[in-house]
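Subject: Structure handover

Hello,

I am passing on the structure we spoke about.

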Amino acid sequence: MSEPSHKAATMQTHTTQRGTSAARTRIAKLSKYVLLTLSVLLAVIPVYWMVTISFKSEVDQFAVPPRWFKFSPALTHYADAFVTRSFGQYLLTSVIVAGLSTICAVMLGTLAAYGLARFKLRGKLDQRLSMWILSTRMFPPIVSAVPLFLMMRDLRLLNTLTSLVIVYTALNLPFVVWMMRGFFRELPRELEEAAMVDGDSRLGALVRVILPLVTPGLAATAVFCLIVSWNEFLLALVLTQTDAAMTLPVGIAGRVTQYEIKWGVMSAAGVVAMIPILVFAMAVQRYLVRGLSLGAVKG
Amino acid sequence: MARHISNGLKSVDRLKKNGSGGRELSLPYLLIAPTIAVLLALSIYPLIYSVKISLQTGSGQAARWTLANFARLANDKFFLEALVHTFIYAAVALTFEFLLGLGLAVLLDKPLRGRSLFRSALLIPMMLPPVVVGVVWRLMLNPDFGAVNGTLKGVGVNTEALTWTATPTLAFASVIAVDIWQWTPFMFLELLAGLQAIPQEPYEAAVIDGSSGWQTFRHVTLPLLKPAILIALLLRTMDLLRVFDQIFILTQGGPGFSTETVSLYIYRTAFRFSDFGYAAAMSFVLLLLTNLVSVGYIRMLQRQETA
């Protein structure tokens, strides 16, 4: 079909359809809402189901048809999990490991990011190092899990929080470097140069002038590290097997794969593992796209 | 070149003024060194360690250098099966996640009342710890009291055959479905960001040309969205090839071997059978596969950086 006749044809259909177009857009809009609502329900209902199980007595849990709303909620499973069983301990371990590894990764990574963002090194070394750092992030965890297990065994660090903190620091470092490098690059060089002309040292300018400006990005980066460390499973599974050292995901997994499963306890632990993450995720919504693509895409 | 020199001169001037000669020049290296050291110790050294044990049989004094572990790969039909599972899993999940994610992104691209609420709610599955996703779906899919079968029974469906994670084919379909549930939001988010970054002008031009909605999408939106699509696909593929967590919770690779992926098989070989050398050898195959994908990703980034 030649271009002009094609255009004429569409113009014609436009005029004949003008009368019904209002109705059509309304239907389109309505179906949009229906589709979106269905998708949201699909996304949320399974999670809601777990939450109800965590509050249900055994009778309500095993009822057929499922009781979505009508049940008498109780906190017994939470008490069972976190007071009677060791989930309180796992929770504490998760908090400590995620917190410490995030602090280490953010401190080291931010300094490196500043170095890579602001200095042109000989032979494009700054760019090459950046890419190399990024590439270490691409290793599948199982590839590192085997040698890390053996190394930590040799160092007698299996079943210690230290091993997890060290490993998670390394896990998050490339991410911190890339995120922060992006944030630093968005600031004009003149900022430090002005401060340095005024007699500040380079590091003084970094601390007094630049860091305050990247604080939102720094906070978002730290929250992402917390999420990654908190959610991490495979390495924790390999490196920790004792009650005193395992993280919440490993503790949960241990119970799920047993023969007799306490569904209420599991769900209660699952809810507790999920809540901080949802809060964190809401806090960094603005940076999600950027964070999920390692700082590559500016969302 | 000239700019380099003038930059150099400027910084030399400044150094003279500050009187901190070598410090400024070595500063970047000092800043970067700790990070490099940590990564060398915990990413590169383990890799070398892995190469070593993959080339040995026995351990300690009795260790012998050999290629046996790699030779074994070729004849291990379990490994081959795990590879096939991983590829099918990745291909099917990626296709669905992409199409559904794109659809949702298009639905939420234009301003709409409640848009940010929809967006946040749709992202929930992706944010959950994978282990929790496993728990959620163990509960949903439990044949006796799970919400899925319970609901089906309620509307009169015979659920006897729907044992989800207990029969091979259904179990494989189930773990893929769970992946799609969890990671479609990721595609949706990346593609939505991509859509929002497209400027208005091409659309206006398309409207003036009288092109229909589908034509505009096909010839204007998709080409402009291509970089975002590629990045999302590459990132997702890398994650799919290494899938472990949810399957470990949902089926542990079973029933039989039906949902065993490469990561699970390596895990089992190393930590159930203590065959670390062979596990390391297998992990290099996985590393190679992911590398092919990640090289693509890094190429794209480099192009962006230079652009």
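The notes below go from the whole of one chain to contacts and then to single residues.

This is a predicted model: local features need pLDDT of at least 70, side-chain atom pairs count only at pLDDT 80 or more, and totals for chains, interfaces and linings use all residues. Residues are numbered from 1 along each chain as its sequence is written, while chains are lettered from A and ligands numbered from 1 in the order in which they are written.

Chain A overall

Chain A has 13 helices and zero strands. Helices (H or I, at least four residues) and strands (E, at least two) are DSSP runs, numbered from the N terminus. The C-alpha trace of chain A spans about 80 × 70 × 40 Å along its principal axes. Of the 299 residues of chain A, 44% are buried. Here buried means that 20 or more other C-beta atoms lie within 10 Å of the residue's own, exposed means 12 or fewer, and partly exposed is in between, with C-beta atoms placed from the backbone.

Domains of chain A

The assignment, which is automatic or from a database, gives domain 1 (3–74) and domain 2 (85–292) in chain A. Their C-alpha centres lie 36 Å apart. Six residues of domain 1 of chain A are in contact with six residues of domain 2 of chain A, where contact means that the C-beta atoms, placed from the backbone, lie within 7 Å. On the domain 1 side, helix α1 (residues 3–55) of chain A gives the most, with four residues.

Two helices of chain A

Helix α3 (residues 76–84) and helix α4 (residues 87–118) of chain A have axes that come within 5 Å and cross at roughly 70°. That makes α3(A) roughly perpendicular to α4(A), a label for angles of 65 to 115 degrees. The axes are lines fitted to C-alpha atoms over the stretch in contact, and angles run from 0 to 180 degrees between N-to-C directions. A:A81, A:F82 and A:V83 in α3(A) meet A:F87, A:G88 and A:L91 in α4(A). This contact has five nonpolar, one polar and no charged residues. Ala, Val, Leu, Ile, Met, Phe, Trp, Tyr, Cys and Pro count as nonpolar, Asp, Glu, Lys and Arg as charged, and the others, Gly among them, as polar.

Between the chains

The contact takes 72 residues from chain B and 83 residues from chain A. Helix α2 (residues 21–54) of chain B supplies the largest share of the chain B side, 14 residues. That side divides into 50 nonpolar, 15 polar and seven charged residues.

B:V262 is found in helix α12 (residues 262–271) of chain B. B:V262 is buried, with 26 other C-beta atoms within 10 Å. Leaving aside neighbours within four places in sequence, B:V262 is in contact with B:A82, B:L83, B:T86 and B:L286.

The peptide bond from B:G254 to B:P255 is cis, with omega near -5°. B:P255 lies in the loop between α11 (245–250) and α12 of chain B.

B:W164 is not a glycine, yet has a positive phi of about 45°. B:W164 counts as buried, with 23 C-beta neighbours inside 10 Å. B:S274, also other than glycine, has a positive phi near 50°; B:S274 is exposed, with 10 other C-beta atoms within 10 Å.

Regards

Conventions: Angles under 35 degrees count as roughly parallel, over 145 as roughly antiparallel, 65 to 115 as roughly perpendicular and the rest as oblique. Two residues are in contact if their C-beta atoms, placed from the backbone, lie within 7 Å.
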